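Trainee: I am new to this structure. Please show it to me, and I will ask about it.

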Amino acid sequence: MGACGGEARRTSDASPPATTTDTPPTSSAPACPPPGSPPSLDCPAELLLDVDPRVAETTVSGSVRVEPVQEPEFPYPVVFPPDTPFPDQNPDPATWDRSDVPAGACVFRLWGVNAACYPSGGVFFTESCAAVSAGGPLIAPGSYYDGNECGPAPGCPSAEPYIVSPGYWWYFGDSGVAESGEMFTDLVICAPECANSFAMGGCLRLYTTSSR
């Protein structure tokens, strides 16, 4: 399932300048929904979800259950090996891992979330939701949707956790309805971003277009 839209970095960004060279593949998908066009669904106007790669069990964040699907064990801090060739910042999109659970990525299943409710995506802050709600400096590393890309889930260009690796982004992956009738949406954080910006967890803020 694809997702559209997104929001550019709202404040400062801890991501290195090298990540700005990541170039999403060209898509022939339809344009994103017009801004301010609310989905014709029964959707919570806003959700704040705590997501923490250090927590191995399913947690409850508001009305949503957050289930870890894949949580690679990264060293922290991650150090790029010396005398190693600098990685290609624009690998051929045909080589990206577009599986439901890309190698090296942190993947969480958000039970009770319908991605169609949030065509404008959201913002993923590098703090707990309690800290975000309390105010103060906010850092929101980029998502795949910051370039207003739409269409199929993009995948991850690299499984390496280094901050200089391509694919410093998160996106919505698989989405649907389980046999139990419960909706779900997968959150995929590619290895470079998960191992660095979100190593200590983060707060995902989802909002409908009408609640921005």
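Trainee: What is the handedness of the link of Cys 43 and Cys 117?

Mentor: This is a predicted model: local features need pLDDT of at least 70, side-chain atom pairs count only at pLDDT 80 or more, and totals for chains, interfaces and linings use all residues. Residues are numbered from 1 along each chain as its sequence is written, and side-chain values use heavy atoms, with hydrogens and water left out. Cys 43 and Cys 117 form a disulfide with sulfur atoms 2.1 Å apart, a disulfide being a pair of cysteine sulfur atoms within 2.5 Å. The value about the S-S bond is -75°, and the link is left-handed.

Trainee: How many residues apart in sequence are the parts that Cys 43 and Cys 117 tie together?

Mentor: Cys 43 lies in the segment before β1 (46-51). Cys 117 is in the loop between β4 and β5 (122-125), so the tied parts are apart in sequence by 74 residues. Helices (H or I, at least four residues) and strands (E, at least two) are DSSP runs, numbered from the N terminus.

Trainee: Is Cys 203 buried or exposed?

Mentor: Buried means under 20% relative accessible area, exposed over 50%, and partly exposed in between (1.4 Å probe, protein chains only). Cys 203 has a relative accessible area of 0%, so Cys 203 is buried.

Trainee: Which residue in β7 is the bridge partner of Cys 106?

Mentor: Strand β4 (residues 106-111) pairs with β7 in the antiparallel sense over six bridges; pairing needs at least two bridges found by DSSP between two strands. In β7, the partner of Cys 106 is Ile 189.
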